Structures are given as C-alpha cells and as structure tokens.
Amino acid sequence: MKKIYKRSFLRNDNKHLFLYGFKEHKEKGQEELNISNNLKPHMRWNPSRQEWVTYSEQRKNRTFFPPKKYCPLCPGAGSKVPTEIPFKNFEVAVFPNRWASFNELGKKISSDFINSQPSKGECEVVVYSSEHSKSVAEMQLDRIKLLIYVWIDRYINLLKNKSVKYVLPFENRGEECGVTLHHPHGQIYAYPFVPPAIKKEQKAFKKENFLLSIMTHLKKKYYTYQDKNVIAFVPPFARYAYEVWIAPKRQVPGPWALTESEIVSLAYSIKKVIRGYDKFLGKRCPYVMGLHSAPKLKDKNYHFHIEFYPPLRHGDKPKILAGSESMAGVFIMDVLPENSAKELRKFMK
C-alpha cells in the first residue's frame, strides 16, 4: 500500500481544510474566501413521521450555478477570485461546508409546543480532484482508492465527536439530483442522531444478514459485476429502475474494516458501476450514491454496502417521486429489477 499523506491547513475562519494525497502537500496557501456568517441550525421533531427535520435558514443563499468561468471548488491560487481551496494543486480536499445543516453552533429554538434540538454535528465537502471536468468514471484507480481512504479517515475522526451519532458520505451527481456545482465532489453529513433509514437497516441486519442471503440464494440474473471480493447488483426489491448496490462478500461494518485487496476491489467496482451507467445512457448519468455503514466502528451485525439511485424510470426518462412515493412512502415501479440488471450487465461487466 502506498503511503497516504494528510495535511491540515488552518483557514482564516479557524476551521481546517484537509488535503490528502500520495504526495506530500507543502504548497503555501494563497488568498482565501471571505469569512462567511456562522450558521446556527436547529432541528424540529415531526410527530407524524417520527423523525427530525433540520432547519438552516441561510442555506437559501448558498452558491447556485456560478458563472462558467468561476468554480469555487477549483484550485484558487493564481485565479482572479479566491476559491475554497487556496492552492495551485491538490489530490483530494475536504473542508467544512459553509452552508451546513449540522455544525457545532447548532442552537435549539424556544417554543411552548415544538420539540426542538440544536443541529449539532458536521457537514463536509469532499473534492475528488483538482481537475474540473474529470468524474469518478474517468479517474485512475489509485485516485478512487485514495477517496476510499479519505472516507475511512473522516469516519474515524468524525465519530470521535460526541455530538455525532452517524456519518454518511454521499454524492449527488447531475442537475436532476440538485447539483449546482459540476466539479467532481461529494459530501459527508455527520448527524446528531441515527437516520430513520439506517435504524431500519440495523433492525433488519440484527434479524438476518439479508445481503449474505442475496449473495447465496438469488440467481446471477441480478448481478451486474462481481470479483472475488465484491458484488454489484440490482436489488430484487429496487425502488429505482436502475438502482445498484455494491457489497463486499465478507461482512464488515464499514470501509474501515476492509483489507487492502478489498479496497482495490471496491474502488474498481465503483468505477465499473459509474462508467457503466454513463455507457448505458450515452452521457453522464445522474445518481445519488451513499455509503451505508454501521453507526459505530464495531458492529457484529451490520453489513457495509454502497447504494446508487439514478432518478430514472426507464431509459433516460425521469422518475418523479409523486403521490404514492411522497405521500405514502410507497414506490411504484414499472421496470422489473431482473430486466434492469440484464440491461446494465452489458455495460458493467
């Protein structure tokens, strides 16, 4: 395994920008962005859905489709306007989201009838590359491996925060998924509670490791790619037409428990899936990707996996979460998962 360097750069707002790479980063920082207002988000309990909703009012002012000549995630040194990363070059960069929904300044509101709590936690931006136009599908395998090690480092460090109960690295890709900055990047949300979807998964895994059951009993017609360490497949209960999950064949609670060989396999499978999506559509496929890991570093029941949700109904037709999905939480499908897997397998094999 190559040595990975991590540099902590103290920004002008006294928050840290982390630079990760296979080469040590020693460049001197240049002009930085102005210090932004400190957000104080709060949460309110929804008694109907039995879930927290977080409010961060200043997020409405966040960067929205900046001019084509300016990208706040590109290297900022030497540019006319400063960016989030005040250097000429970097490999992977991680920094606090200026428009955070969860941070250490979270403050509850006073109310006689609303159950409110401060939105403690962290929100980080993960910039995959200094190159503006190169997506994960075009990146070298080493860069994707580095990204996985970055996720592992952030898991380990964010879970040390007593306010944090769950860490979710994710990526939104494409304007169909709400993306307004096209530079290749993802985010990490460190929540002050375990999200409802993960609570349900915890309960399911405690009852039975359904991922191992899928790998053992279901026919290969659901698989889109596999090697000795990982499997990519369309779940037989998919809620999106081209939904794909990637799971290690060995049960682990999170990527921090993977071996070097398994990390290489995971990196390759991520590239295979994303590149396959792009080949299938003939353009960059929109998707939401999320890492589902255990809430704690040690968990004997949970089985780590990655989920991809392309918001597509059939071909390039969009899937709109309308009446049944939005109001009842019941997904209505018109494409069978085994047929989706058959289509995708040609592009992901």
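Predicted model: local features only at pLDDT ≥ 70, side-chain atom pairs only at ≥ 80, totals over all residues.

Me: Let us begin with α1. How many residues does α1 have, and what is its reach from first C-alpha to last?

Reply: Helix α1 covers residues 141–158, which is 18 residues. Its reach from the first C-alpha to the last is 26 Å, close to the 26 Å expected at 1.5 Å a residue.

Me: Is α1 mostly covered or mostly uncovered?

Reply: Helix α1 is mostly covered, with 14 of its 18 residues buried.

Me: Turning to charges, how many salt bridges does a search of the whole structure find?

Reply: The search finds 16 salt bridges. One of them is between the side chains of R11 and E84, at 3.4 Å from N to O. R11 is in the loop between β1 (5–10) and β2 (16–21), and E84 is in the loop between β4 (51–55) and β5 (92–96), so this pair ties together parts that are 73 residues apart in sequence.

Me: Are R11 and E84 buried or exposed?

Reply: Both R11 and E84 are buried.

Me: What joins E262 and R250?

Reply: Their side chains form a salt bridge, with N and O 2.8 Å apart. E262 belongs to helix α4 (residues 260–281) and R250 to the loop between β12 (244–248) and α4, so the bridge ties together parts that are 12 residues apart in sequence.

Me: Which residues are linked in a network of salt bridges?

Reply: K2, D142, K145 and E260 are linked in such a network.

Me: A change of topic: where is S119, and is S119 buried or exposed?

Reply: S119 is in the loop between β6 (116–118) and β7 (122–127). Its relative accessibility is 0%, so S119 counts as buried.

Me: What does the side chain of S119 meet there?

Reply: A polar contact of 2.6 Å joins the side chain of S119 to that of T54. Leaving aside neighbours within four places in sequence, the residues in contact with S119 include P41, M43, S101, F102 and K107.

Me: M43 and F102 interest me. What does P192 touch?

Reply: Not counting residues up to four places away in sequence, P192 touches M43, F102, K120, S163 and K165. P192 lies in the loop between β9 (185–191) and α2 (196–207). The C-alpha atoms of P192 and V164 are 4.6 Å apart in space, and these residues are 28 apart in sequence.

Me: Back to the helices. How do the axes of α4 and α6 cross?

Reply: The axes of α4 and helix α6 (residues 337–348) come within 8 Å and cross at roughly 110°. That angle makes α4 roughly perpendicular to α6. The contact is made by K272, V273, G276, Y277, K279 and F280 of α4 with E343, L344, F347 and M348 of α6.

Me: Y277 again, then. How far in space is A137 from Y277?

Reply: A137 and Y277 are 9.3 Å apart in space, C-alpha to C-alpha, and 140 residues apart in sequence. A137 is in the loop between β7 and α1, and it is buried, with a relative accessible area of 6%. Apart from neighbours within four places in sequence, A137 is in contact with K271, I274, R275 and D278.

Me: Finally, the backbone. What are the phi values of N14 and Q50?

Reply: Phi of N14 is near 65°, a positive value in a residue other than glycine. Q50 likewise is not a glycine and has a positive phi of about 55°. N14 lies in the loop between β1 and β2 and is exposed, with a relative accessible area of 60%. Q50 is in the loop between β3 (42–46) and β4.

Methods: Residues numbered from 1 in each chain as written. Heavy atoms only, no water. Helix = DSSP H or I, 4+ residues; strand = E, 2+ residues; numbered from the N terminus. Expected span 1.5 Å × (residues − 1). Buried < 20%, exposed > 50% of the residue type's maximum accessible area, 1.4 Å probe, protein only. Salt bridge = Lys/Arg side-chain N within 4 Å of Asp/Glu carboxyl O. Polar contact = N/O pair within 3.5 Å; in protein donor to acceptor, adjacent residues only side chain to side chain. Contact = heavy atoms within 4.5 Å. Axes fitted to C-alpha atoms, helices over the stretch in contact; angles between N-to-C directions. Parallel < 35°, antiparallel > 145°, perpendicular 65-115°, else oblique.
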